[in-house]
Amino acid sequence: VDLAVAWLGIQMDNPLINASGVMCRTVEELEALRHSAAGALITKSCTLEPRKGNPEPRYASTALGSINSMGLPNAGYRYYLDYARRYDHEHDKPLLMSVSGMSLEDNLEMMAAFDEAALPVLVELNLSCPNLPGKPQIGYDFEASARLLAEVSKVYRRPFGVKLPPYFDPVHFGEMADVLDGCPSIGFVTCINSIGNGLVIDLERESVVIRPKDGLGGIGGDYVLPTALANVREFARRLPGRHVIGCGGIRSGREAFMHILAGATVVQVGTCLYEEGPACLTRIRDELVCLMQDKGYRTLADFRGCLRTL
Ligand SMILES: CC(C)(C)CCc1c(C(=O)O)[nH]c(=O)[nH]c1=O
C-alpha cells in the first residue's frame, strides 16, 4: 500500500495534515508536528499583529467532539513567515501557511508579504475571517468573498487555497463554487472549518463550557463528520480542476478513507489531534493502510472520489 500524494507541486508520503489552529501556534508545536507522522503541516491562522485571543476557557471537549472560541490567538504573520524562511523546504515535509486577516487591508498586506518572500509554501486563506460589522463571516458573504479573492490574486501571484466554513444549502454550495470557479488562483479548497456558533451545556453545572460569546463556539469532532463529507463531495464535484482538502470528524483511518472516497486529495485532523496528541497521526495513518489492504486498494487514487450513489 502506498499513501503518497503529489499535488500542487508538493509531495507527501501520506495524506495527513493537522487542521490549522491545532498544535501549530508556536515553533515548538510546529516542530513536534514536523517530527510526527504528519505528511505535511500547517500553521495557525495568522493576523497582521500578534493576538492574545479570547479569555479562557475558550476550548472544551465533549464525548463527541469540541467547541472553541479561541479568538485567533497567534504570534503575528512575521513569526510564521520567519519560521517558513528557516524551514528546510527541499528535504522536509511540506509546510502550509494559514492566513486570516482582520480586514481586507490586513489580508492584502500579509499576502503581498508572502508573495515577496516567494517561499515554496502553500497558503490557505481562512474565509471564516471577520467581515465588516453587521455582516456575516466572509465565507458566508459571496460578494465579499469574490472581492477578497480578486484583490488577493493581484498581490499573491501563485496558486493558493481557501479554508471554507460549512454550507448547508445546495444553492450556497453553487454560489460559493461559482465564486471559486471565477478565481483561477484557487488551487485548493479546504472543507470544512468548524460549524460556527454551537452551544455546549454542562448539565451538572447548568452552565456553558467556554467563556467567550456567552458560550457560543465552533463545533468540531464527530458532530461534524456528515457535514464535512457533504461539503467535500459537493465542492469536489463542482470544482473538478481544483483539489479539495477534507477536514472535519477524522479520528481514525475510517473517516480519513471516507473523506478521500468523497473526493479529498488529502485530509486534516483537528479535534482528535488536540485531544490525543501527534501520536494519533501515526495511528490514523496505520489504520488507513489496514483499511486499504482489507479492501484491496494499493494507492489513494484507486478509490479517491469513487463514492458510490444508489
Ligand atoms: C473564527 C475566527 C476567530 C474568526 C477565525 C479563527 C478560527 C478559530 C479561532 O481562532 O477561534 N476557531 C476555529 O474553529 N476556526 C477558525 O477559523
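Leaving out neighbours within four places in sequence, Asp-106 is in contact with Leu-48 and Gly-101, where contact means heavy atoms within 4.5 Å. Asp-106 sits in helix α3, residues 104-117; helices (H or I, at least four residues) and strands (E, at least two) are DSSP runs, numbered from the N terminus. From Asp-106 to Val-152 there are 46 residues in sequence and 11 Å in space, C-alpha to C-alpha. The model described here is predicted, so local features need pLDDT of at least 70 and side-chain atom pairs count only at pLDDT 80 or more, while totals for chains, interfaces and linings use all residues. Residues are numbered from 1 along each chain as its sequence is written, and side-chain values use heavy atoms, with hydrogens and water left out.

Turning to the chain as a whole, it has nine helices and 16 strands. Its radius of gyration is 18 Å, close to the 19 Å that the globule rule gives for 310 residues, so the chain is as compact as a globular protein of that length. This radius is taken over C-alpha atoms, and the globule rule is 2.2 Å times the number of residues to the power 0.38. The C-alpha trace spans about 55 × 50 × 40 Å along its principal axes. Of the 310 residues, 55% are buried, a label given under 20% relative accessible area, with exposed meaning over 50% and partly exposed in between (1.4 Å probe, protein chains only). Among contacts with a separation of 6 or more, 71% join residues 24 or more positions apart.

The loop between β4 and β5 brings several residues into the picture. Cys-46 belongs to this loop and is buried, with a relative accessible area of 1%. Apart from neighbours within four places in sequence, Cys-46 has contacts that include Asn-74, Gly-76, Tyr-77, Met-110 and Phe-114. Cys-46 and Asn-74 are 28 residues apart along the chain, yet their C-alpha atoms are separated by 5.9 Å. Pro-50 lies in the loop between β4 and β5 too, but Pro-50 counts as exposed at 55% relative accessibility. Not counting residues up to four places away in sequence, Pro-50 touches Asn-74, Ala-75 and Gly-76.

Most residues other than glycine have a negative phi, and most peptide bonds are trans. The bond from Cys-191 to Ile-192 is cis, with omega near 5 degrees, and Ile-192 lies in the loop between β10 (186-191) and β11 (195-199). Met-23, in the loop between β3 (16-18) and α1 (27-34), has a positive phi near 60 degrees. Asp-214 likewise has a positive phi, near 50 degrees, and is found in the loop between β13 (207-208) and β14 (216-221). Met-23 is buried at 18% relative accessible area, whereas Asp-214 is exposed at 69%.

Finally, the structure holds 13 aromatic pairs. Rings of Phe, Tyr and Trp (its six-membered ring) pair if their centres lie within 6.5 Å; planes under 30 degrees apart count as stacked, over 60 as edge-to-face and the rest as tilted. Ring pairs link Tyr-140, Phe-142, Tyr-167, Phe-173 and Phe-235 into a cluster. Tyr-140 is in the loop between β8 (122-126) and α4 (142-155) and is partly exposed, at 33% relative accessibility. Beyond its neighbours within four places in sequence, Tyr-140 is in contact with Pro-165, Pro-166, Tyr-167 and Phe-168.
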